Amino acid sequence: MSESNASGKRVVRRALISVYDKAGLEVLARGLHEAGVAMVSTGSTATRIAAAGVPVMRVEDLTGFPEVLDGRVKTLHPTIHAGILADTGNPDHVAQLTDLGIEPFDLVVSNLYPFTDTVSSGATQQECIEQIDIGGPSMVRAAAKNHASVAVVTNPAEYGSVLVAVRGGGFTLSQRKTLAAEAFVHTASYDVAVASWMGSVLADTSDGTGFPAWVGATWTRATVLRYGENPHQKAALYAHWSPGIATAEQLHGKEMSFNNFIDADAAQRAANDHAEPAVAIIKHANPCGIAVGTDIAEAHRKAHACDPQSAYGGVVATNRTVTAQMAEQVAGVFTEVVVAPGYEPEALEILQRKKAIRLLRLPEGMERGGQLDIRAVSGGLLMQTRDKIDAVVDGPTGGDDPARWTLVCGEAADYATLEDLEFAWRAIRAVKSNAILLVKAGASVGVGMGQVNRVDSCHLAVTRAGADRAAGSVAASDAFFPFADGLRVLLEAGVRAVVSPGGSVRDPEVIEAAAAAGITMYFTGTRHFAH
């Protein structure tokens, strides 16, 4: 039976090992064997341990019952689970084990089938079903429940500390509690992933709405931040299993702040709305410059020129690898964060000379923005599909493709003008409503955002652009003009073409004002309002 030494640690005499992820398995097995620990194992795990020259008993030899149903049933046996669940501090439990000829386990090492990886790979539904682990979670949960008697390990990264504990006389109760908590997180995350997939992919529990009747998610604390939005607020960063800004690799610079993460996420989404080399410069979750160019350095120059004063202390994001030329430009301006898919070695060297700047490299394979937008409100969550630049409105016209726009007045735009209008329309999604964006030659020149009425946003965009840049620009409005007054502000500044969703009861009044000024106006039939 299990025993405790004079220090209160529970000595490890017998271990059950059944792992899918076999990283570090041989080192662990050899270390346990050298420490005098007897091992029981399953299937390919036992085969790997034996191949390393370490003695191991197979589960079927212990239970007298073979693995069946293509391995679906291996450890689901009273001899196994009684050995895990027995409270060896309870005389009745000890007596029952003795009567049944069952030995307890002091250590359970197990990790689960790669369900989320299988789903992400695009595997068939049946392949995903086969990666729903049953025996593994049962063992892990049993050992975690019985942490008074058993230590449970689910992470191969902890094998080194496991061997230290075993060689040092066993695990303390505090250590076993910590391992048990980690184990329950492991199985909870797994179950949430399975339940979410079952309810949204395998079975339709959405009642025809497109939203599942139940949704769950788990996050792991990645780091504790210095403070939140303000110094008196505490804050921490939690990461989900899907790649994104929370899992970006920081290559250089000071610790990221709460506000840095907010702006960095907004910046990377803004930059990645464009197919051409694009740069977005963000301050307080709003762009002070967005541009596309023939290369990333040109895109940065154009984006910075929109509002150099506001760009000071901003967050810069790109949709291309940062080049040395762009790095030289960024190095000349105080910049809080650069977010990019990669950096040329010379660019990294240039930027790392700036001690304060934070350099983030986005993880590979991240889906830009994900499928859902989830926001917390008191007592619950709001969920919506992500607003992406790919909308198509039912019917022959309407959507984000200029080919589906409706020309409501003026002459059809020439190629260069239509390119600017399309860029403005794609970029407007990054601007908080009420949003007005003025554009010239693939770059924003004036931004009006976050105002409580569209007229003020129009005034702001024109003021930021200045008379010279506003004249001859094109404009995008994220939602319809409720009156002609906001549009007249743009017309008086010399805007020559406008794109907006349309849809106001006063559209005729707005169209009449545009026609009187002799400008081109398109309606998209869809909007990109960002609250």
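Visitor: Which residue takes a positive phi in the hairpin of β17 and β18?

Guide: That would be Ala-441, with a phi near 50°. The hairpin has two residues between its strands. Bear in mind that this is a predicted model.

Visitor: Noted, thanks! How many bridges join β17 to β18?

Guide: Five, and the two strands run antiparallel. As one example of who faces whom, Ile-436 stands opposite Gly-448 in β18.

Visitor: And which way does β17 pair with β19, parallel or antiparallel?

Guide: Antiparallel, over four bridges. There, Val-439 stands opposite Val-474 of β19.

Visitor: Is β17 mostly covered or mostly uncovered?

Guide: Mostly covered: the strand spans residues 436–440, and four of its five residues are buried.

Visitor: Let's switch to the open sheet. What is the strand order?

Guide: The order is β3-β2-β1-β4-β5, five strands with parallel pairing. Standing at the edges are β3 (57–58) and β5 (151–153), each with a single partner strand, so one side of each has no neighbour in the sheet.

Visitor: Which strands does helix α1 touch?

Guide: Helix α1 (residues 25–34) packs on the sheet and touches β1, β2 and β4. Its direction makes about 170° with that of β1.

Visitor: And where does α9 lie?

Guide: Helix α9, residues 159–167, lies across β1, β4 and β5. It runs at about 175° to β4.

Visitor: Now α4. Which of its residues are buried?

Guide: Thr-79, Ile-80, His-81, Gly-83 and Ile-84. These buried residues pack against β1, α3 (59–63), β4 and α8 (135–145).

Visitor: At what angle do the axes of α4 and α8 cross?

Guide: Roughly 30°, and the axes come within 8 Å. Because angles under 35 degrees count as roughly parallel, α4 is roughly parallel to α8.

Visitor: Which residues make that contact?

Guide: From α4 you have His-81, Ile-84 and Leu-85. On the α8 side they are Ser-138, Met-139, Ala-142, Ala-143 and Lys-145.

Visitor: How do the residues of that contact divide by type?

Guide: Five are nonpolar, two polar and one charged.

Definitions and conventions: Residues numbered from 1 in each chain as written. Predicted model: local features only at pLDDT ≥ 70, side-chain atom pairs only at ≥ 80, totals over all residues. Heavy atoms only, no water. Buried < 20%, exposed > 50% of the residue type's maximum accessible area, 1.4 Å probe, protein only. Pairing = 2+ DSSP bridges. Contact = heavy atoms within 4.5 Å. Axes fitted to C-alpha atoms, helices over the stretch in contact; angles between N-to-C directions. Parallel < 35°, antiparallel > 145°, perpendicular 65-115°, else oblique. Nonpolar A, V, L, I, M, F, W, Y, C, P; charged D, E, K, R; others polar.
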